[in-house]
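Good morning, and thank you for coming. Please look at the sequence and the structure together as I speak.

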Amino acid sequence: SKFLNIKVKPSEFLKEQRKRMGLTLAQLSHLTEIAISNLSAMESGKRSMGVPTAKKLAKALKINYRVFV
């Protein structure tokens, strides 16, 4: 069988993983201490994230931070 190597954008992955975990932006904001406006901008691809932010998000979403950077 063939595997398709589809690279998901960090912004899309962030939104999908948050929804998969049943978290609202407000809940993720509370867990990460990242402003809702910043989270929203990251999910829409209007704002990039550095390693410290990626680590906070990954911890809250129980994934490896490298998926974001």
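Predicted model: local features only at pLDDT ≥ 70, side-chain atom pairs only at ≥ 80, totals over all residues.

The buried residues of helix H4 pack against H1, H2 and H3. H4 covers residues 51–61, and its buried residues are Ala 54, Leu 57, Ala 58, Ala 60 and Leu 61. How are these buried residues arranged when H4 is seen down its axis? They fall within an arc of 165 degrees, so they line one face of the helix.

On the other side of H4, we find Pro 52 and Lys 59, which are exposed. Pro 52 has a relative accessibility of 58%, and therefore counts as exposed, the cut-off being over 50%. Between the C-alpha atoms of Pro 52 and Lys 62, which are 10 residues apart along the chain, the separation is 15 Å. Lys 62 itself follows H4 and has a positive phi, near 60 degrees.

Let me turn to the core. In soluble globular proteins, nonpolar side chains tend to be buried together. The largest nonpolar core in this model has 14 residues. Those with the most contacts inside this core are Leu 14, Leu 28, Met 42, Met 49, Leu 57, Leu 61 and Phe 68. Two or more residues of the core come from each of helix H1 (10–20), helix H3 (36–43) and helix H4. Which helix gives the largest share? That is H4, with 5 residues.

Leu 61 deserves a moment of your attention. Setting aside its neighbours within four places in sequence, Leu 61 is in contact with Leu 14, Gln 17, Arg 18, Met 21, Leu 23, Leu 28 and Phe 68.

Next, consider H3. Its buried residues include Leu 39, Ala 41, Met 42 and Glu 43. Among the elements that cover the buried residues of H3 are H1, helix H2 (25–32) and H4. Just after H3 comes Gly 45, which takes a positive phi of about 80 degrees.

How do H1 and H3 meet? Their axes come within 7 Å and cross at roughly 120 degrees. Because of that angle, H1 is oblique to H3. On the H1 side, the contact is made by Ser 11, Leu 14, Lys 15 and Arg 18. On the H3 side, Leu 39, Met 42 and Glu 43 take part. Sorted by class, this contact has 3 nonpolar, 1 polar and 3 charged residues.

Is Ser 11 buried or exposed? Its relative accessible area is 13%, and the cut-off for buried is under 20%, so Ser 11 is buried. Not counting residues up to four places away in sequence, Ser 11 touches Met 42, Glu 43 and Gly 45.

The other residue is Pro 10, which also has its place in helix H1. With a relative accessibility of 28%, Pro 10 counts as partly exposed. Pro 10 touches Val 67 and Phe 68, again leaving out residues up to four places away in sequence. From C-alpha to C-alpha, Pro 10 and Gly 45 are 8.1 Å apart in space, although 35 residues apart in sequence.

To close, I return to H4: one face of this helix is lined by its buried residues, and H4 gives the core its largest share. Thank you for your attention.

Conventions: Residues numbered from 1 in each chain as written. Heavy atoms only, no water. Core = buried A, V, L, I, M, F, W, Y, C linked by side-chain atoms within 4.5 Å. Buried < 20%, exposed > 50% of the residue type's maximum accessible area, 1.4 Å probe, protein only. Helix = DSSP H or I, 4+ residues; strand = E, 2+ residues; numbered from the N terminus. Contact = heavy atoms within 4.5 Å. Axes fitted to C-alpha atoms, helices over the stretch in contact; angles between N-to-C directions. Parallel < 35°, antiparallel > 145°, perpendicular 65-115°, else oblique. Nonpolar A, V, L, I, M, F, W, Y, C, P; charged D, E, K, R; others polar. Arc of directions from axis to C-beta.
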